Amino acid sequence: DRLRLLDAPVGHEDAPAFYLYELTREGKSQVGVVGCVHVDEYEADLIKKHEKTRPDKEDDRTRHVLTLSAHAEPVFLTHRPEGTLSALNAATMARAPLYDLVTYDGVRQRVWRVTDNAAYAAAFAAMPDCYVADGHHRCASAWRTGKALREANPHHTGEEDYNWFLAVLFPSDQLHILSYNRVVKDLHGLTPAAFLARLAAVGTLTTTSTPDPDRPGSIINSNAYMLEA
């Protein structure tokens, strides 16, 4: 009934290892632990969800994992802040990183290899749960893949790679929620004024001078209107 985190094997490493992954954007940083989480803990709701998933997207991602026999990208998980883990991270980050680069979008990314794997595993074993921040379909497809491969393996032991999937776990107090922008391409015969009137019928519509909402529950459109539910 506690989280297990497995040090992830990497092709060019002599042994499995955890990693720290730091992202710094506009002066704000978040540091996560890279490792593998167990499909059983997704099923048991120790890895908690907050979105429903679409069967067609689950099907597509499950086929992708089964075809590649690999997870192409980690799931973004978050957990409550934990002092022991923060101290471990500080000690790890006191060493020079393996990688230190700035990507095209201006985000600085640094990676460290963890040396005290047992201490990190124990820190996560003390946590009761974590939450999916991004990757609900990837989690669901990992669980479905694990279930399918278990059923197909008459010698299943529980130690196989398919019981785990790759994740990065960040403390919740370091997360920065960015705008999630979408474009309305077709008003389906409505004039812009009629479209805005429909929006005003379901929320409070006001003009704004910024492209970013300043609080939760707000939507900004390209004509600089803000809608609050």
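Trainee: Is Tyr 42 buried or exposed?
Mentor: Tyr 42 counts as buried, at 10% relative accessibility. Keep in mind that this is a predicted model.

Trainee: Why does 10% count as buried?
Mentor: Because buried means under 20% relative accessible area, and Tyr 42 is at 10%.

Trainee: How many aromatic pairs does the structure hold?
Mentor: Three aromatic pairs. In one of them, the rings of Tyr 42 and Trp 143 have their centres 6.4 Å apart. Their planes are at 45°, so this pair is tilted.

Trainee: Why tilted?
Mentor: Planes under 30 degrees apart would be stacked, and over 60 would be edge-to-face. The angle here is 45°, so the pair is tilted.

Trainee: Which helices do Tyr 42 and Trp 143 lie in?
Mentor: Tyr 42 lies in helix α1, residues 39-43. Trp 143 lies in helix α5, residues 136-152. The pair therefore ties together parts that are 101 residues apart in sequence.

Trainee: What about another aromatic pair?
Mentor: Take Phe 76 and Phe 170, which form an edge-to-face pair. The distance is 5.2 Å centre to centre, with 75° between the planes.

Trainee: Where do those two sit?
Mentor: Phe 76 is in strand β5, residues 75-79. Phe 170 is in strand β9, residues 164-171. They are 94 residues apart, so the pair links distant parts of the chain.

Trainee: How accessible are Phe 76 and Phe 170?
Mentor: Phe 76 is partly exposed, with a relative accessible area of 26%. Phe 170 counts as buried, at 4% relative accessibility.

Trainee: Back to Tyr 42. What lies over its face?
Mentor: Lys 49 does, at 4.2 Å from the ring centre.

Trainee: And how far is Val 132 from Tyr 42?
Mentor: The two are 9.7 Å apart in space, C-alpha to C-alpha. In sequence they are 90 residues apart. Val 132 is in strand β8, residues 130-134. Val 132 is buried, with a relative accessible area of 2%.

Trainee: New topic. How many disulfides?
Mentor: The count comes to zero. Cys 130 is in no disulfide. Its nearest cysteine sulfur, that of Cys 139, is 8.2 Å away.

Trainee: Now helices. How do α3 and α4 cross?
Mentor: Helix α3 is residues 83-93, and helix α4 is residues 117-125. Their axes come within 9 Å and cross at roughly 155°. That makes α3 roughly antiparallel to α4. The crossing is left-handed.

Trainee: What about α2 and α5?
Mentor: Helix α2, residues 55-68, packs against α5 at an angle of about 55°. The axes are 8 Å apart. That makes α2 oblique to α5. This crossing is right-handed.

Trainee: Let's do loops. Where does Glu 82 lie?
Mentor: In the loop between β5 and α3. Glu 82 is partly exposed, with a relative accessible area of 24%. Its C-alpha atom is separated by 7.7 Å from that of Pro 171. Along the chain, Glu 82 and Pro 171 are 89 residues apart.

Trainee: What's the phi of Glu 26?
Mentor: Near 50°, a positive value in a residue other than glycine. Glu 26 is found in the loop between β2 (19-25) and β3 (28-38). Glu 26 is exposed, with a relative accessible area of 67%.

Trainee: And the phi of Asp 45?
Mentor: Asp 45 has a positive phi of about 70°, although it is not a glycine. Asp 45 lies in the loop between α1 and β4 (47-48). Asp 45 is partly exposed, with a relative accessible area of 32%.

How values were computed
Residues numbered from 1 in each chain as written. Predicted model: local features only at pLDDT ≥ 70, side-chain atom pairs only at ≥ 80, totals over all residues. Heavy atoms only, no water. Phe/Tyr/Trp six-rings, centres within 6.5 Å; stacked < 30°, edge-to-face > 60°. Helix = DSSP H or I, 4+ residues; strand = E, 2+ residues; numbered from the N terminus. Buried < 20%, exposed > 50% of the residue type's maximum accessible area, 1.4 Å probe, protein only. Lys NZ or Arg CZ within 6 Å of the ring centre and 35° of its normal. Disulfide = S-S within 2.5 Å. Axes fitted to C-alpha atoms, helices over the stretch in contact; angles between N-to-C directions. Parallel < 35°, antiparallel > 145°, perpendicular 65-115°, else oblique. Left-handed = near helix turned anticlockwise from the far one by under 90°.
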